[in-house]
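This report goes through one structure, starting with how the surroundings of a residue are classed. Please look at the sequence and the model first.

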Protein chains: 2
Amino acid sequence: MNEFDLIAKYFAPLAGTEGLGLKDDTALYQPAPHHDLLITTDSFVEGVHFPAGMYGADVAERLLRTNLSDIAVKGGTPRGYQLSVSMRADRMEQWIPAFARGLETTQAEFGCSLWGGDTTATDGPAVFSITLIGEVAQGGMIRRSGAEKGDDIWVSGVLGDAMLGCRLVTSKPISPVPTGLELFAYESAYWRPEPCVKDKSVLERYATASADVSDGLLADVKHIADSSAVSVTLNFDALPISMGAERWAEAQEDPATAKQDLVSFGDDYGVVFSAKAKDRQAIFDSARRAKLKITLVGSVLEGAGVTCLDVDSEPMLWPETGYLHK
Amino acid sequence: MNEFDLIAKYFAPLAGTEGLGLKDDTALYQPAPHHDLLITTDSFVEGVHFPAGMYGADVAERLLRTNLSDIAVKGGTPRGYQLSVSMRADRMEQWIPAFARGLETTQAEFGCSLWGGDTTATDGPAVFSITLIGEVAQGGMIRRSGAEKGDDIWVSGVLGDAMLGCRLVTSKPISPVPTGLELFAYESAYWRPEPCVKDKSVLERYATASADVSDGLLADVKHIADSSAVSVTLNFDALPISMGAERWAEAQEDPATAKQDLVSFGDDYGVVFSAKAKDRQAIFDSARRAKLKITLVGSVLEGAGVTCLDVDSEPMLWPETGYLHK
């Protein structure tokens, strides 16, 4: 089956009307009046962002979900995406059906469709790239640059499960042995990160700046601090490390460092955002109504940089400020 | 220099205001009222779409130009693009400066800017992918599906130079030795394909369907025929093979097959389009005013498929209907 046949059989069924059956040179999209477009790109390399030979459906779900997270955290609604697939030609026929199934599941859950792309052969590791386009009401994008002195810093969801999920995926031992529920939480966090669709009501209404927790919490907070020209102080003990990850950290030789690792890893895909202190109670109430776990973790001050305080309110030494992709 | 530093130093200067300094999770674009968006993606793999180790500026120009061609041939105006770069981490620092320079030159010439993207490391061959977004007045997209029985088929520019350019690039001999002007034409055709920006006035006004000459003329015409549910007859002797390529073909052992190869190769990035026969003279006049080389090469009939007639009006045997990417 050649490139055209694979596209017709596995990708064309995923195409929205905007994709014109994947048969034209471009996709065609009619933007809603009075809306802005949000555009984001994420790429996965085999052996770097996922282990070689991993199940195609899982890779597709994770890739599309990381893109969806970028749109959701800015307050946007996803619409459609362009897909670039580069892999060994002799693997395509076996691999693409599952990959397409993963895209289909995720599209259906989050309401977007395939608009177009390119399929090419490489002799090297597979590379997948998605450019996702979303919409937000005119002027409604939540930027990184809106945090102001006096704002609170919030985190949605929990931290740490994705790091332990990555250990599972890369066959590194986890000791003590996780419970069944913990295993499920770790694997889900890694393969099915939850774009903050539920968080949107809270974000849209209250966030002054936001980012998703992808590079590592401190790095992501630093993006906000730098863009907003402010400093941020976080309270380490307030960070919402998951119960399973907390149990794992406490059993390590150096629990404090283990917790720092959990927080620095990234890939948890919750939202870190700033909001006015006066809205604190309204945010708690709004999150409760949205059944969203939300935690107050710090505050915005004058100055620059990110400081994390330990239980004695002393600044912690932090080995790194986030994951740098190799 | 890590990923963030490279982006800040070489890619951020290419960013339009839509790119938000490449510092946010998404780009932000405000579409013009009463316009549709056109979106296209092209990916290049090192060793497949360009020889390994090739000069970064050339690769960037060619990649962006192939995307620009897709937007232009649909009648659109390019606005901005997302860029995915995957390459060996230890090559990035040396390679990306020239790559960024090639993007800059092309952006400036065609009026678009970088909006965002992703930079990742791979141990394998480099993979570059661009998703380009353009605009067209509402309902103004020229589709592949609008050709009707009785329409003329036109080709802009010349055919064949790109195939000989590819021979040069891959160090295959060309005999007889090309003149200096021919060499320049071949190399330009390969590395600097000319998106049909000039053709746009003719296309916008008269084209009923269009495609760019990228897969090989017969394959590209077949896309139009299939999408429009018609058949197309081309006159082989009318095809605008370049003078240099014609001279090369005549010197080959089997000139007819050599000419078929020239026409089948693709990558010439002219436009093939259909238009009403009644507009024939107006199209000639309009092309002359636009200083655009344009050639009447065939006609649209009922039925399906593409037939190419030789000088005796006999259907030619055609080994392939275009380049299938490996």
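A residue is called buried if 20 or more other C-beta atoms lie within 10 Å of its own, exposed if 12 or fewer do, and partly exposed in between, with C-beta atoms placed from the backbone. The model is predicted, so local features need pLDDT of at least 70 and side-chain atom pairs count only at pLDDT 80 or more, while totals for chains, interfaces and linings use all residues. Residues are numbered from 1 along each chain as its sequence is written, and chains are lettered from A and ligands numbered from 1 in the order in which they are written.

**Chain A as a whole**

Chain A has 10 helices and 11 strands; helices (H or I, at least four residues) and strands (E, at least two) are DSSP runs, numbered from the N terminus. The radius of gyration of chain A, 20 Å, is close to the 20 Å from the globule rule for 326 residues, so chain A is as compact as a globular protein of that length. This radius is taken over C-alpha atoms, and the rule is 2.2 Å times the number of residues to the power 0.38. The C-alpha trace of chain A spans about 65 × 50 × 35 Å along its principal axes. Of the 326 residues in chain A, 56% are buried.

An automatic or database domain assignment supplies the domain bounds: in chain A, domain 1 is 3-137 and domain 2 is 152-309. Their C-alpha centres lie 27 Å apart. Two residues are in contact if their C-beta atoms, placed from the backbone, lie within 7 Å. By this rule, 14 residues of domain 1 of chain A are in contact with 17 residues of domain 2 of chain A. On the domain 1 side, α2(A) gives the largest share, 10 residues.

**How the two chains meet**

Chain A can be laid on chain B by a turn of 180° and a shift of 0.0 Å along the axis, with an RMSD of 0.0 Å. That is the relation of a two-fold axis. The superposition is by least squares on the C-alpha atoms of residues with pLDDT of at least 70 in both copies. In chain A, the C-alpha of A:G124 comes closest to the rotation axis, at 2.3 Å.

Strand β1(A) and β2 (residues 35-45) of chain B run antiparallel and are joined by three bridges; strands pair if DSSP finds at least two bridges between them.

**Local features of chain B**

In helix α4 (residues 161-169) of chain B, B:D161, B:A162, B:M163, B:L164 and B:G165 are buried. Their cover includes α5 (180-191), α8 (243-250) and α9 (255-264) of chain B. In the loop between α4 and α5 of chain B lies B:P176, and the peptide bond from B:S175 to B:P176 is cis, with omega near 0°.

| Residue | Phi | Other C-beta atoms within 10 Å |
|---|---|---|
| B:L22 | near 55° | 19 atoms, partly exposed |
| B:A229 | about 55° | 13 atoms, partly exposed |

B:L22 is in the loop between α1 (3-11) and β1 (27-29) of chain B, and B:A229 is in the loop between α7 (217-228) and β8 (231-235) of chain B.
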